[in-house]
Amino acid sequence: QVRLVESGGGLVRPGGSLRLSCAASGSVFSIHTMGWYRQAPGKERDLVATITTDGATNYEDSLEGRFVISRDNAENTVYLQMNSLKPEDTAVYYCYVGGAYYTGTQWKEHDYWGQGTQVTVSS
(Lines give C-alpha, C1' and ligand atoms only; values in the text may rest on other atoms or scores of the structure.)
Protein backbone atom coordinates (compact mmCIF):
# COMPACT_ATOMS: atom_id res chain seq x y z
CA GLN A 1 0.00 0.00 0.00
CA VAL A 2 0.98 3.60 -0.66
CA ARG A 3 -0.20 6.43 1.53
CA LEU A 4 -0.19 10.13 0.71
CA VAL A 5 -0.48 12.44 3.69
CA GLU A 6 -1.46 16.01 2.92
CA SER A 7 -1.20 18.95 5.26
CA GLY A 8 -1.19 22.74 5.28
CA GLY A 9 -4.70 23.54 4.19
CA GLY A 10 -6.96 25.87 6.06
CA LEU A 11 -8.62 29.26 6.07
CA VAL A 12 -6.71 32.29 4.83
CA ARG A 13 -7.59 35.87 3.97
CA PRO A 14 -7.43 37.08 0.38
CA GLY A 15 -3.87 38.04 -0.46
CA GLY A 16 -2.47 35.63 2.08
CA SER A 17 -0.32 32.56 1.65
CA LEU A 18 -0.42 28.88 2.46
CA ARG A 19 2.07 26.07 1.99
CA LEU A 20 0.77 22.58 1.31
CA SER A 21 2.80 19.46 1.90
CA CYS A 22 2.32 15.89 0.78
CA ALA A 23 4.46 13.00 1.91
CA ALA A 24 4.35 9.63 0.21
CA SER A 25 5.01 6.56 2.29
CA GLY A 26 4.31 2.87 2.42
CA SER A 27 5.50 0.16 0.10
CA VAL A 28 8.58 0.72 -1.99
CA PHE A 29 7.78 2.25 -5.35
CA SER A 30 9.36 4.43 -8.01
CA ILE A 31 8.09 8.00 -8.21
CA HIS A 32 8.53 10.03 -11.37
CA THR A 33 5.97 12.78 -10.90
CA MET A 34 4.39 14.48 -7.92
CA GLY A 35 1.95 17.32 -7.91
CA TRP A 36 -1.28 18.96 -6.97
CA TYR A 37 -4.73 19.13 -8.44
CA ARG A 38 -7.73 20.96 -7.09
CA GLN A 39 -11.48 20.76 -7.25
CA ALA A 40 -13.68 23.74 -6.48
CA PRO A 41 -17.33 23.34 -5.48
CA GLY A 42 -19.41 22.37 -8.49
CA LYS A 43 -16.40 22.03 -10.77
CA GLU A 44 -14.14 19.30 -12.09
CA ARG A 45 -10.71 18.45 -10.76
CA ASP A 46 -8.06 20.55 -12.49
CA LEU A 47 -4.28 20.62 -12.66
CA VAL A 48 -2.46 23.00 -10.35
CA ALA A 49 1.15 21.93 -10.88
CA THR A 50 3.35 18.88 -11.20
CA ILE A 51 7.06 18.29 -10.80
CA THR A 52 9.19 15.38 -11.97
CA THR A 53 12.02 13.68 -10.12
CA ASP A 54 14.56 15.69 -12.09
CA GLY A 55 12.78 18.96 -11.32
CA ALA A 56 10.81 19.68 -14.47
CA THR A 57 7.64 21.58 -13.61
CA ASN A 58 4.28 21.98 -15.26
CA TYR A 59 1.83 24.63 -14.08
CA GLU A 60 -1.66 25.54 -15.01
CA ASP A 61 -0.98 28.68 -17.02
CA SER A 62 -2.90 31.11 -14.84
CA LEU A 63 -1.17 29.94 -11.65
CA GLU A 64 2.49 29.97 -12.64
CA GLY A 65 4.29 32.74 -10.77
CA ARG A 66 1.73 32.91 -8.01
CA PHE A 67 2.04 29.26 -7.00
CA VAL A 68 5.38 27.46 -6.67
CA ILE A 69 5.80 23.70 -6.59
CA SER A 70 8.86 21.99 -5.15
CA ARG A 71 9.86 18.57 -3.88
CA ASP A 72 12.26 16.73 -1.64
CA ASN A 73 13.09 13.51 -3.43
CA ALA A 74 14.85 12.00 -0.44
CA GLU A 75 11.70 12.37 1.64
CA ASN A 76 9.22 11.72 -1.19
CA THR A 77 7.52 14.97 -0.33
CA VAL A 78 6.00 17.59 -2.59
CA TYR A 79 5.16 21.15 -1.58
CA LEU A 80 2.94 23.83 -2.99
CA GLN A 81 3.60 27.40 -1.94
CA MET A 82 0.48 29.43 -2.66
CA ASN A 83 0.81 33.20 -2.64
CA SER A 84 -1.57 36.07 -3.26
CA LEU A 85 -4.49 33.79 -2.68
CA LYS A 86 -7.86 34.70 -4.10
CA PRO A 87 -11.36 33.55 -3.17
CA GLU A 88 -11.49 31.62 -6.44
CA ASP A 89 -8.58 29.50 -5.19
CA THR A 90 -10.97 27.96 -2.68
CA ALA A 91 -11.02 24.25 -3.38
CA VAL A 92 -10.05 20.84 -2.14
CA TYR A 93 -6.43 20.30 -3.09
CA TYR A 94 -5.36 16.76 -3.92
CA CYS A 95 -1.85 15.41 -3.86
CA TYR A 96 -0.90 13.35 -6.89
CA VAL A 97 1.88 10.83 -7.38
CA GLY A 98 2.68 9.19 -10.68
CA GLY A 99 4.91 6.22 -10.27
CA ALA A 100 5.34 2.51 -10.48
CA TYR A 101 5.63 -0.47 -8.20
CA TYR A 102 7.52 -3.68 -8.67
CA THR A 103 5.53 -6.89 -8.55
CA GLY A 104 8.65 -9.01 -8.22
CA THR A 105 8.84 -9.69 -11.93
CA GLN A 106 7.90 -6.40 -13.56
CA TRP A 107 7.08 -2.74 -12.92
CA LYS A 108 3.49 -1.60 -12.98
CA GLU A 109 2.59 2.05 -13.50
CA HIS A 110 0.03 3.57 -11.19
CA ASP A 111 -1.44 6.92 -10.20
CA TYR A 112 -1.88 7.67 -6.51
CA TRP A 113 -4.15 10.28 -4.96
CA GLY A 114 -4.36 11.82 -1.54
CA GLN A 115 -7.54 12.34 0.42
CA GLY A 116 -7.51 16.07 -0.26
CA THR A 117 -7.04 19.08 1.97
CA GLN A 118 -9.43 22.02 2.07
CA VAL A 119 -8.17 25.49 1.21
CA THR A 120 -10.60 28.31 1.86
CA VAL A 121 -9.82 31.89 0.92
CA SER A 122 -12.29 34.27 2.49
CA SER A 123 -12.44 37.61 4.23
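1. Basis of the values. The model is predicted, local features need pLDDT of at least 70, side-chain atom pairs count only at pLDDT 80 or more, and totals for chains, interfaces and linings use all residues. Residues are numbered from 1 along each chain as its sequence is written, and side-chain values use heavy atoms, with hydrogens and water left out.

2. The four-stranded sheet. An open sheet with antiparallel pairing runs in the order β1-β3-β8-β7, where strands are DSSP runs (E, at least two residues) numbered from the N terminus and two strands pair if DSSP finds at least two bridges between them. Its edge strands, each pairing on one side only, are β1 (2-7) and β7 (67-72). Neighbouring strands of this sheet are turned against each other by 15 degrees on average, direction ignored, the axes being lines fitted to C-alpha atoms and the angles running from 0 to 180 degrees between N-to-C directions.

3. The β7 and β8 pair. Six bridges in the antiparallel sense connect β7 with strand β8 (residues 77-82), and Arg71 has Val78 of β8 as its bridge partner. The loop between these two strands holds Asn76, whose phi is near 50 degrees, a positive value in a residue other than glycine. Asn76 is partly exposed, with a relative accessible area of 27%; here buried means under 20%, exposed over 50%, and partly exposed in between, with a 1.4 Å probe and protein chains only.

4. Ser84 lies in the loop between β8 and β9 (91-102) and, although not a glycine, has a positive phi of about 50 degrees. Ser84 counts as partly exposed at 41% relative accessibility. For context, most residues other than glycine have a negative phi.

5. The partners of β4 and β9. Strand β4 runs antiparallel to β9 with ten bridges, and Trp36 stands opposite Cys95 of β9. Six bridges join β4 to β5, again in antiparallel fashion, with Gly35 having Thr50 of β5 as its bridge partner. In the hairpin of β4 and β5, six residues lie between the strands, and Gly42 takes a positive phi near 75 degrees.

6. The largest pocket. What space does the largest pocket hold, and which elements contribute to its lining? About 170 Å³ lies in the largest pocket, and the elements that give two or more residues to its lining are β4 (29-39) and β5 (46-52). A pocket is an open set of points on a 1 Å grid over the protein atoms alone, where a 1.4 Å probe fits, with protein on both sides within 12 Å along at least five of seven lines, and lining residues have an atom within 4 Å of a point. The volume is the space filled by probe spheres set on the points, which are joined across faces, edges and corners. Among the lining residues are Arg38, Lys43, Asp46, Glu60 and Glu88. By class, the lining has three nonpolar, two polar and six charged residues, where Asp, Glu, Lys and Arg count as charged, Ala, Val, Leu, Ile, Met, Phe, Trp, Tyr, Cys and Pro as nonpolar, and the others, Gly among them, as polar.

7. Leu18. This residue is found in strand β3 (residues 18-26) and is buried, with a relative accessible area of 15%. Leaving aside neighbours within four places in sequence, Leu18 is in contact (heavy atoms within 4.5 Å) with residues including Gly8, Val12, Leu80, Met82 and Val119.

8. Gly116. The loop between β10 and β11 (117-121) contains Gly116, which counts as partly exposed at 26% relative accessibility. Apart from neighbours within four places in sequence, Gly116 is in contact with Glu6, Val92, Tyr93 and Tyr94.
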